[in-house]
Amino acid sequence: SSQGDPSSSCSPSPKKKRSTKSKDRSNLRKGKWTAEEEEFTSRIIHYFSTGLLTLPEGTTLRSYLSEKLSCDPMRITKKFAGASCLGKRVYRLCDRTQATGNDIEMAKTELARLE
């Protein structure tokens, strides 16, 4: 009988199981949002909604924001739950004209300054 034999223990460490995640989330931002993050996010949402970002069509706002803010997508979901829910907003390019080209450059410059 292997009863009492410590080497026959079948309880794996839960921490070891978690380390098999494909992405290292240890350096992601967590917790309370800073005023700078909120301002940056509101500008991204505006430019995303108007189609002035240079993103692949079909990019979701939630995934783009989590990438730009270096945070878990769930942090975005929690922040924008309820009335301001981002849901599954998907990026669509706007019709490109010369005026739009200027707007795109202006959006890039503003976001670079806030980043």
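Mentor: Buried means under 20% relative accessible area, exposed means over 50%, and partly exposed is in between (1.4 Å probe, protein chains only). This is a predicted model, where local features need pLDDT of at least 70, side-chain atom pairs count only at pLDDT 80 or more, and totals for chains, interfaces and linings use all residues. Residues are numbered from 1 along each chain as its sequence is written, and side-chain values use heavy atoms, with hydrogens and water left out.

Trainee: Which residues of helix 3 are called buried?

Mentor: In helix 3, residues 61-68, they are L61, Y64, L65 and S66. A helix here is a DSSP run of H or I with at least four residues, a strand is a run of E with at least two, and both are numbered from the N terminus.

Trainee: What covers the buried residues of helix 3?

Mentor: The cover includes helix 2 (35-50) and helix 4 (73-79).

Trainee: Why is S70 called partly exposed?

Mentor: Its relative accessible area is 37%. Buried needs under 20% and exposed needs over 50%, so a value in between is partly exposed.

Trainee: And what makes S70 stand out in its phi?

Mentor: S70 has a positive phi of about 50°, although it isn't a glycine. You'll find S70 in the loop between helix 3 and helix 4.

Trainee: How many helices and strands are there overall?

Mentor: Five helices and zero strands. Across the protein, buried residues make up 27% of the 115 residues.

How values were computed. Contact = heavy atoms within 4.5 Å.
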